[in-house]
Amino acid sequence: YSAYSAGGRVRFSTDSPFVALKADYGPSYLATVNNHCVSYGFDLYRMEGDTEIFTAAARPVAGFDCKHGEYKMLTRNNGQMTSSPLNLPAFSAVKELKIGIEFGAAIAPGISYRNDLPVVYYGSSITHGAAAGRPGNTYESFISQKYNLDYINLGFSGSARGEQTMAEYLSELPMSVFVCDYDHNAPNIEHLQESHFAFYETIRQKQPYIPYIMISRPTFFVNPEVNAKRRQVIYGSYRKALELGDQRVFFIDGETLMQGEFMESCTSDGIHPNDLGFFRMAQKIGPIVNHAC
């Protein structure tokens, strides 16, 4: 999964009425929780002020060989130079991407992000974006679209377990905010207890001033008794950090992330958020990330 382009984006400006794409794919993954649009597709936005507005999606059609794709999307820019963010797929490696515009049209850099350094998200297949309808519908992307924030998505389906090796790697990354969201992949409560605060300590040693956000699993309602105990471990890390004098640590209770009407319809399979679930997560996580930036 480390080769997949989760959270990959290209920002450019153009007055072309369309954008043509030619993509060559590397390793890819298509499971029952995913679909061709998020696994291999692209989606195009346009900037209105500092906010991204969805414009078009490109997805494979019947006969797609999972290795090559050609697409055409309308920009809907009315012939005006418009910043046009393009999201790459979340569950395949894009080996090469060619972007074409109308002959004679102009192309230039896109609008800059508001943060000089990216927000870094680390976590499970939920962080990765499994079961989103398209690449732009992950919770990190929703947050980026609303607040114009650059980010790096280091969600690893089935693989992120708070390993010390990963903590050491992350501690060296330039970032504006760190979001720790691997609760779902910790195999049991004991593992979470052993790894969670240690993970925080390793990053804090190298990054003493960045805002550090801890999140417990969002699908709390699936198994409340077990998830309450897991949440207590994460909240315990947060409290211990506060007691040590850390004023730039935040806790987000996963139980609150999908609450509301149709809460039980916020996942595709009882675990992975669908578009509604990711949107609700972004509504709760986004303001805290934005404030921290």
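Start by selecting Phe 262: this residue is exposed, at 54% relative accessible area (exposed is over 50%, buried under 20%, partly exposed in between, with a 1.4 Å probe and protein chains only). You're looking at a predicted model, where local features need pLDDT of at least 70, side-chain atom pairs count only at pLDDT 80 or more, and totals for chains, interfaces and linings use all residues. Residues are numbered from 1 along each chain as its sequence is written, and side-chain values use heavy atoms, leaving out hydrogens and water.

Phe 262 sits in the loop between strand 13 (249-252) and helix 7 (275-292); helices (H or I, at least four residues) and strands (E, at least two) are DSSP runs, numbered from the N terminus. Check its backbone too: phi is near 65 degrees, a positive value in a residue other than glycine. Most residues other than glycine have a negative phi.

Now move on to helix 7. Its 18 residues should span 26 Å at 1.5 Å a residue, and the end C-alpha atoms, 25 Å apart, agree with that (the expected span is 1.5 Å times one less than the number of residues).

Which residues of helix 7 are buried? Among them are Gly 277, Phe 278, Met 281, Ile 285 and Val 289.

Last stop, Asn 78, in the loop between strand 5 (68-74) and strand 6 (82-87). Asn 78 is exposed, with a relative accessible area of 74%, and has a positive phi of about 55 degrees without being a glycine.
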